[in-house]
Amino acid sequence: MLVIAHRGASGYRPEHTPAAYRLAAAQGADYLEPDLVATLDGVLVCRHENEISGTTDVADHPVFADRRITKIVDGTAVTGWFVEDFTYDELRTLRTRERMPGLRAANTAYDGHEEIPTFDDVVALAREESLRYGRPIGVIPEIKHPAYFRRLGLPLEELLTERILALRLRDDEIMVQSFEPTSLRRLSVMTRVPLVQLVDADGAPNDFRRTGDGRTFADLIEPAGLREVSTYAQVLAPHKDLVIPRTAAGNLGEPTRLVDQSHRVGLNVQIWTFRAERRFLPTALDLPAELCRFAALGIQGVFADHPDIATATLKQSALNV
């Protein structure tokens, strides 16, 4: 079973930083997950969102004060500083910081230490760490807000495909994720790398909302929806509540049929996101116990903020089978 380092080892270092990715590799992760957005000059960089005030020190740079703005991103008003308003050279003057300082106070010790990495940087890092540890470590980028960026003239699918070709990434080195089916359909005719359909616990894909398609994420995981997904993607990556819902008391309930139904149409299943902090866990379970419940369903991978715990737990779980 694959352990995918969610934004790197983000439970221990600020997310989407070289330190987080390197630690994830050291902790046994099979894949590093960089979320990708584009700069004004078309460079793919690693941020969970295009608004960067929560994960960088941009607010401390007076030279960029006039770039604070409110934008509508996927239907939501967001105020701050946006990657697409900066050239890559300008973005390099910023330094990263912890996104959840109240929850992960220890991570703030690394604030201000590193630049925002590019997609190319993460690929190079994964290849270096693969050599260091003598095992394959891939990348599994998620393209963020692709319909939004396409309207800005920054088509993430084309930008990423160009880098995949330029870096000569093999199919076993990369998978690409998106919440937007339209984006994955585009990629399916542009590249041969494995594609991952992300599915949230509620709501609808942004591209569906933009085009008036009334379907929701719930429709994507109906049998007909899964068959459609299997025509352009190889992996379904659902929110974990869609696989084992929680009861009103916060306990894990009975599993749904989603894993079996996905396998039936040829889709592998990778589940997100597993975190060790109490607020994210089911009642009365720690992270190893939660992971074991999901692993027993025959899934193919997990996204984890704490790759060391996931790696150790799943290795032991496999030995106990």
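Me: On the other side of helix α3, which residues are exposed?

Reply: Leu131 and Arg132 are exposed there. The words have cut-offs: buried means under 20% relative accessible area, exposed over 50%, and partly exposed in between (1.4 Å probe, protein chains only). Helices (H or I, at least four residues) and strands (E, at least two) are DSSP runs, numbered from the N terminus. Please keep in mind that this is a predicted model, in which local features need pLDDT of at least 70 and side-chain atom pairs count only at pLDDT 80 or more, while totals for chains, interfaces and linings use all residues. Residues are numbered from 1 along each chain as its sequence is written, and side-chain values use heavy atoms, with hydrogens and water left out.

Me: Which residues of α3 are buried?

Reply: Phe119, Val122, Val123, Leu125, Ala126, Glu129 and Ser130. Seen down the axis of α3, these buried residues fall within an arc of 160 degrees, so they line one face of the helix. The arc is that of the directions from the helix axis to the C-beta atoms.

Me: What do the buried residues of α3 pack against?

Reply: Their partners are α1 (18–26), β2 (31–33), β3 (35–38), β4 (44–46), β7 (138–139) and α5 (156–166). Contact here means heavy atoms within 4.5 Å.

Me: How far apart should the ends of α3 be?

Reply: The expected span of a helix is 1.5 Å times one less than its number of residues. For the 15 residues of α3 (residues 119–133) that gives 21 Å, and the end C-alpha atoms are 21 Å apart, which agrees. Just after α3, Gly134 takes a positive phi of about 65 degrees.

Me: Now to a strand. How many residues of β10 are buried?

Reply: Five of the five residues of β10 (residues 195–199) are buried, so the strand is largely enclosed by the rest of the structure.

Me: Which strands pair with β10?

Reply: Two strands pair if DSSP finds at least two bridges between them. Strand β9 (residues 176–178) pairs with β10 in the parallel sense over three bridges, and Ser178 stands opposite Gln197. From β9 the chain crosses through helix α6 (residues 181–190) to β10, and this β-α-β crossover is right-handed. That term applies if, with the strands pointing away from the viewer, the path from the first strand over the helix to the second runs clockwise. Strand β11 (residues 235–238) and β10 also pair in the parallel sense, over four bridges, with Val196 opposite Val235.

Me: What is Leu198 in contact with?

Reply: Leaving aside neighbours within four places in sequence, Leu198 is in contact with Glu142, Gln177, Ser178, Phe179, Phe217, Ala237 and Trp272. Leu198 has 3% relative accessibility and therefore counts as buried.

Me: Where is there a cis peptide bond?

Reply: Most residues other than glycine have a negative phi, and most peptide bonds are trans. Here a cis bond joins Trp272 and Thr273, with omega about -15 degrees. Thr273 lies in strand β12 (residues 268–274).

Me: Which residue other than glycine has a positive phi near 50 degrees?

Reply: Asp74 does. Its place is in the loop between β5 (69–73) and β6 (76–80), and at 16% relative accessibility Asp74 counts as buried. Arg7 is another non-glycine with a positive phi, of about 65 degrees. Arg7 is in the loop between β1 (2–6) and α1, and counts as buried at 6% relative accessibility.
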